[in-house]
Structure formats: C-alpha cells, structure tokens
Amino acid sequence: MDTELQQEQYVDTASQNQIEALKGSESGNLAMLPPASENEEQWQTIGREISIFLAKIPEYIGRFYQEYKLPIISFALLVITVTALRIFLAVLNAINDIPLVSPFLQLIGLGYTIWFTSRYLLKDSTRQEFTTEIRLLKKQILGREESQTLN
C-alpha cells in the first residue's frame with residue numbers, strides 16, 4: 001500500500017500538459033514533412049557538389065605543388081635526411097651493443113689515425129703531397145681552378 005501512495009504522490013505535470021496540447025491542436029497547425037522528392041533532390045544536389053569537388057582535387061593538388069614546389073621538396077629532403085640519420089644511428093647503436101665489436105672498431109679507428117698521421121702529417125714532403133691531392137680533389141669536384149674560388 002505504501003508503494004501505491006508514493007507513486008500517486010509523484011506525478012509529472014509537464015508531460016500531461018504536453019499531451020493535452022497535442023490533443024487540442026488542430027491538424028492545420030502541425031508542421032508537415034517535406035515530400036520525399038524534394039529530399040531526394042537535395043541529396044542529389046549534395047552528391048553532385050561532392051563529386052565535382054572530388055573531381056577537382058587533382059587540379060588543386062597540382063596547383064598547390066607548382067606554387068610551393070621548393071618548400072615541399074626541402075621539407076621532404078629534411079624528413080628523409082632525419083629518418084636516414086636515425087636509422088643509421090640505430091644500426092650503429094645495435095652494432096655497438098654486440099660484445100667485443102665496439103672495442104674492435106675503436107682499435108681500427110685508432111690504427112687508421114696513427115697510419116694517417118705518420119703517412120701525411122709528420123714530414124714536410126708528405127704534407128705537400130697531401131695538399132696537392134686535396135687541391136686535385138677540389139678541382140675535380142668543383143670543376144674550376146683554386147684561383148677562381150678565391151675571387
């Protein structure tokens with residue numbers, strides 16, 4: 001019995017008023033849905049606009065690429081360089097983690113440094129030979145004489 005009393009005490013007055021408003025309204029005042037043909041025409045218009053936009057996308061991309069060609073290429077080269085550098089460092093780190101490979105590579109580097117110093121840097125005649133080789137290499141790479149590069 002107590003539950004029946006509690007249920008009777010809680011009455012939603014707003015919903016009763018809304019129902020009465022709908023019952024009392026006339027059919028001429030109600031909003032009507034648009035006919036199905038108008039709705040289909042809207043969808044066809046929207047679909048046509050989307051297909052025209054999608055057809056023009058290659059043209060937009062081509063125009064964008066022509067306008068910003070240098071920054072796009074520069075950015076792509078930067079991304080490729082950073083990626084290659086990170087891969088190189090990861091491989092080098094992986095090689096360094098192998099036991100006895102890191103000290104062996106350090107010994108090879110130390111040996112090459114000692115050989116290069118004794119071969120090219122200790123004597124005056126070998127230093128001149130080394131500078132001649134560097135000048136020849138510059139000429140081959142740059143394609144011009146050293147006197148032209150100073151001017």
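Reader: Where is the place of L121?

Author: L121 sits in helix 5 (residues 101–121). Helices (H or I, at least four residues) and strands (E, at least two) are DSSP runs, numbered from the N terminus. This is a predicted model: local features need pLDDT of at least 70, side-chain atom pairs count only at pLDDT 80 or more, while totals for chains, interfaces and linings use all residues. Residues are numbered from 1 along each chain as its sequence is written, and side-chain values use heavy atoms, with hydrogens and water left out.

Reader: How many helices and strands does the secondary structure come to?

Author: Seven helices and zero strands. Along the sequence the pattern reads α-α-α-α-α-α-α.

Reader: What share of the 151 residues counts as buried?

Author: Buried means under 20% relative accessible area, exposed over 50%, partly exposed in between (1.4 Å probe, protein chains only). Of the 151 residues, 2% are buried. T126 in helix 6 (residues 124–142) is buried, at 11%. L121 is partly exposed, at 38%.

Reader: What does T126 touch, not counting residues up to four places away in sequence?

Author: T126 touches R119, Y120 and L121. Now take polar contacts: pairs of N or O atoms within 3.5 Å; within protein, one must be able to donate a hydrogen and the other to accept it, and residues adjacent in sequence count only if both atoms are side-chain atoms. A polar side-chain atom of T126 lies 3.5 Å from the backbone oxygen of R119. The T126 side chain also reaches the backbone oxygen of Y120, at 3.4 Å.

Reader: How many salt bridges does the count come to?

Author: A salt bridge is a side-chain nitrogen of Lys or Arg within 4 Å of a carboxyl oxygen of Asp or Glu. The count is three. E129 pairs with R119, with the closest N and O atoms 3.1 Å apart. E129 lies in helix 6 and R119 in helix 5, so the pair ties together parts 10 residues apart in sequence. R127 and D124 meet at 3.8 Å, N to O. Both lie in helix 6, three residues apart, about one turn of the helix.

Reader: By how much are the closest N and O atoms of E59 and R63 apart, and what separates the two residues along helix 3?

Author: The closest N and O atoms are 2.9 Å apart. The residues are separated by about one helical turn, because they are four residues apart in helix 3.

Reader: What is the phi of L100?

Author: Most residues other than glycine have a negative phi. L100 has a positive phi of about 70 degrees, although it is not a glycine. L100 lies in the loop between helix 4 and helix 5. L100 is exposed, at 72% relative accessibility.

How values were computed
Contact means heavy atoms within 4.5 Å.
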